[in-house]
Amino acid sequence: MMKKGSKIYSIAHQTCPRCQNDQMFDSANPYNLPKLMKMKDKCAHCGYVYEMEPSFFYGAMYVNYAITVAISVSIFVAMYVLGTELEMKHYLIGIIGGLFLSAPLTYRLGRMIWINMFVSYKREHDKA
Ligand SMILES: [Zn+2]
């Protein structure tokens, strides 16, 4: 079970990294595509301003890149192990399709992991 207070909790539930009470995004569902990138300015519970400095979230692209590589490798390995007589084009279709389908989730995960690298849970803000 995921415990409140851990970074994993904030990342999995897309909550404010500091108090873990409020959702960071307008819609909790990343596949609600019109709202995929709509992020709140600050936490309704503790008032934390998510974009602590201009272009703070540009760095999330590095996290996205790492996730993208990990997904690609996972798909390749899974296809290699499970598939028979697969050609290069099958791997390409599988990987590109997998990345396409997971893109909204990857985008959200990148931002959640990135902000949690800099901001930690604080109990006193949780109670605020
Ligand atoms: Zn908060």
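The crossing of α2 and α3 is right-handed. A crossing is called right-handed if the near helix is turned clockwise from the far one by less than a right angle, and left-handed if anticlockwise. By class, the contact between α2 and α3 has 14 nonpolar, eight polar and one charged residues. Here Ala, Val, Leu, Ile, Met, Phe, Trp, Tyr, Cys and Pro count as nonpolar, Asp, Glu, Lys and Arg as charged, and the others, Gly among them, as polar. Two packed helices are described by the angle between their axes and the distance between the axes. For α2 and α3, the axes come within 8 Å and cross at roughly 145°. Such axes are lines fitted to C-alpha atoms, for helices over the stretch in contact, and the angles run from 0 to 180 degrees between N-to-C directions.

This is a predicted model, in which local features need pLDDT of at least 70 and side-chain atom pairs count only at pLDDT 80 or more, while totals for chains, interfaces and linings use all residues. Residues are numbered from 1 along each chain as its sequence is written.

The protein has four helices and zero strands. Helices (H or I, at least four residues) and strands (E, at least two) are DSSP runs, numbered from the N terminus. The C-alpha atoms fill a box of roughly 60 × 30 × 25 Å along the principal axes. Of the 128 residues, 16% are buried. A residue is buried if 20 or more other C-beta atoms lie within 10 Å of its own, exposed if 12 or fewer, and partly exposed in between, with C-beta atoms placed from the backbone.

Helix α3 covers residues 88-118 and has a kink of about 55° at Ala103, shortly before the proline Pro104. The bend at a residue is the angle between axes fitted to the seven residues ending there and the seven starting there. Which residues of α3 are buried? They are Thr106, Arg108, Gly110, Arg111, Met112, Trp114, Ile115 and Asn116. The cover over these buried residues includes α1 and α2.

The largest nonpolar core consists of six residues: Cys16, Cys19, Met24, Phe25, Cys43 and Tyr48. A nonpolar core is a set of buried Ala, Val, Leu, Ile, Met, Phe, Trp, Tyr and Cys residues joined through C-beta atoms within 7 Å. Leaving out residues up to four places away in sequence, Met24 touches Gln14, Thr15, Cys16, Met39, Lys40 and Tyr50. Two residues are in contact if their C-beta atoms, placed from the backbone, lie within 7 Å.

Asn21 is in the loop between α1 (7-13) and α2 (60-82). Asn21 is partly exposed because it has 17 C-beta neighbours inside 10 Å. Beyond its neighbours within four places in sequence, Asn21 is in contact with Thr15, Cys16, His45 and Asp126. Gln14 is also found in the loop between α1 and α2. Although Gln14 is not a glycine, its phi is positive, about 55°. With 19 other C-beta atoms within 10 Å, Gln14 is partly exposed.

Glu85 lies in the loop between α2 and α3. Its phi is near 50°, a positive value in a residue other than glycine. Is Glu85 buried or exposed? Glu85 is exposed, because 5 other C-beta atoms lie within 10 Å.
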